[in-house]
Amino acid sequence: MAFKWLFKKKKAEVKEAPEIPEDAAHISEQAKPENKVVLEKVNVDLKNRAVRLDYIKRLYDGIKEAQRQCDDIKAEYGQVTSYLKDIQLMDQAAPEDKKVLLETAQSIVELTKERERLKRRKFKFTDAQKLALESFEPKVPQDLNNLKEYEDYQIKIKNDMRQLETEKGILLSDKRDIVKRQSTLRLVSKALALLLFTFGVLILTIALVFEADMRVPFVATASFALIVLGIIVFEARKNRTDMVITERKCNRAISLANRVKIKYVNNTKTIDYMYSKYKVRNATELEFVYDQYQKAKREWARRREDAFLLNEKNEILLHELEILGVKDREIWFNQAAALVDPKEMVEVRHGLNERRQKLRDQIDYNNGLMKDFLNELERIRNKSPEYAQEIEEVLKY
């Protein structure tokens, strides 16, 4: 009885099955034109009970699987059909009834395009820079101005350091020159003293030995010695004075250089801190990145505003579609362009018809399988009451 009920039920659902040859048990596929997969014939020794039972179970499993496929496909087929009915409802609606719907759909299309355009735009700053700018946003303008001043001041400090180093080099060179002049003067003094001593001994010897009058040579020599001594004393004092002045200038230059170096170190550390703070290499980069960030902020605000407007328009769209009696309304969020562009709607309708035809082909294919399986079971059942009883037993589970 179970087999008769199943057989009648399936027969009512599927088309008339092709005749199956009696000389061999087999299954054949009613292939669609685009489906070239054909099930091969299965030769079964029906006299062997184990083989026969296994074959009957496989036929029954095939029927259940084909039925499950049909049920799933029919659900999808019904959904696609519902979409097409919704399109038909919208096509048949009066223009005045669709006015708000079309205006809303047009707004959704424009907002969606704008959102996609904003998504594609890239801003030139890293995630680390973005995080830093977000964290210190109120201070960025002031920090940017300060950083520019620090960099300008750094250039001035470097120039001052170079000038002081040059001045210090000149002063050190002057010190060496004074030391050389003083050494030369000391040598000249020693040589002159030796010469005067020698000349004095010579005058004294002549005066004693020859009893000559040597007063004039002595006075001349003494006068010359006094003049040279005066020059030497003057130059020595001048060298000492120059040395003192040069030493003071050198000390002052060193002191100034040290102060400038301290400023340089502190300014350098401040600049390095600012670079690290904003993840940049210089003030120019920070200015560029901050400008990019400001533009990005404006676009992020526009995105949020567009998202709010888009949600608002979607709610209006849902309401208008509900008024028209459209069943599946949410799918038109992403297909708003089809509501305002007839060509797009033709493409949507064509796609749905293609999907429905493929689903119908699948249903026909699985119905054909069930028909073949049922005919094969009926053929086996008609061969022997024993076979019929075995089929009834299998169909109970």
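Q: What makes Lys-277 count as buried or exposed in this model?
A: The model is a predicted one. Lys-277 has a relative accessible area of 15%, and buried means under 20%; Lys-277 is therefore classed as buried.

Q: Where is Lys-277 found, and which residues does Lys-277 touch?
A: Lys-277 belongs to helix H6, residues 215–278. Leaving aside residues up to four places away in sequence, Lys-277 touches Ala-132, Phe-136 and Asp-143.

Q: Why is H2 called roughly antiparallel to H9?
A: Helix H2 (residues 49–92) and helix H9 (residues 342–383) pack at an angle of about 155°. Angles over 145 degrees count as roughly antiparallel, so H2 is roughly antiparallel to H9. The axes of H2 and H9 lie 8 Å apart, and the crossing is left-handed.

Q: What classes of residue make up the contact of H2 with H9?
A: The contact of H2 with H9 comprises 23 nonpolar, 8 polar and 8 charged residues.

Q: Which residues make the contact of H2 and H10?
A: H2 contributes Arg-49, Arg-52, Leu-53, Ile-56, Lys-57 and Tyr-60, while H10 contributes Glu-386, Tyr-387, Glu-390, Ile-391, Val-394 and Leu-395. By class, the contact has 7 nonpolar, no polar and 5 charged residues.

Terms used: Residues are numbered from 1 along each chain as its sequence is written. This is a predicted model: local features need pLDDT of at least 70, side-chain atom pairs count only at pLDDT 80 or more; totals for chains, interfaces and linings use all residues. Side-chain values use heavy atoms; hydrogens and water are left out. Axes are lines fitted to C-alpha atoms, for helices over the stretch in contact, and angles run from 0 to 180 degrees between N-to-C directions. Helices (H or I, at least four residues) and strands (E, at least two) are DSSP runs, numbered from the N terminus. Angles under 35 degrees count as roughly parallel, over 145 as roughly antiparallel, 65 to 115 as roughly perpendicular and the rest as oblique. A crossing is left-handed if the near helix is turned anticlockwise from the far one by less than a right angle, and right-handed if clockwise. Ala, Val, Leu, Ile, Met, Phe, Trp, Tyr, Cys and Pro count as nonpolar, Asp, Glu, Lys and Arg as charged, and the others, Gly among them, as polar. Buried means under 20% relative accessible area, exposed over 50%, partly exposed in between (1.4 Å probe, protein chains only). Contact means heavy atoms within 4.5 Å.
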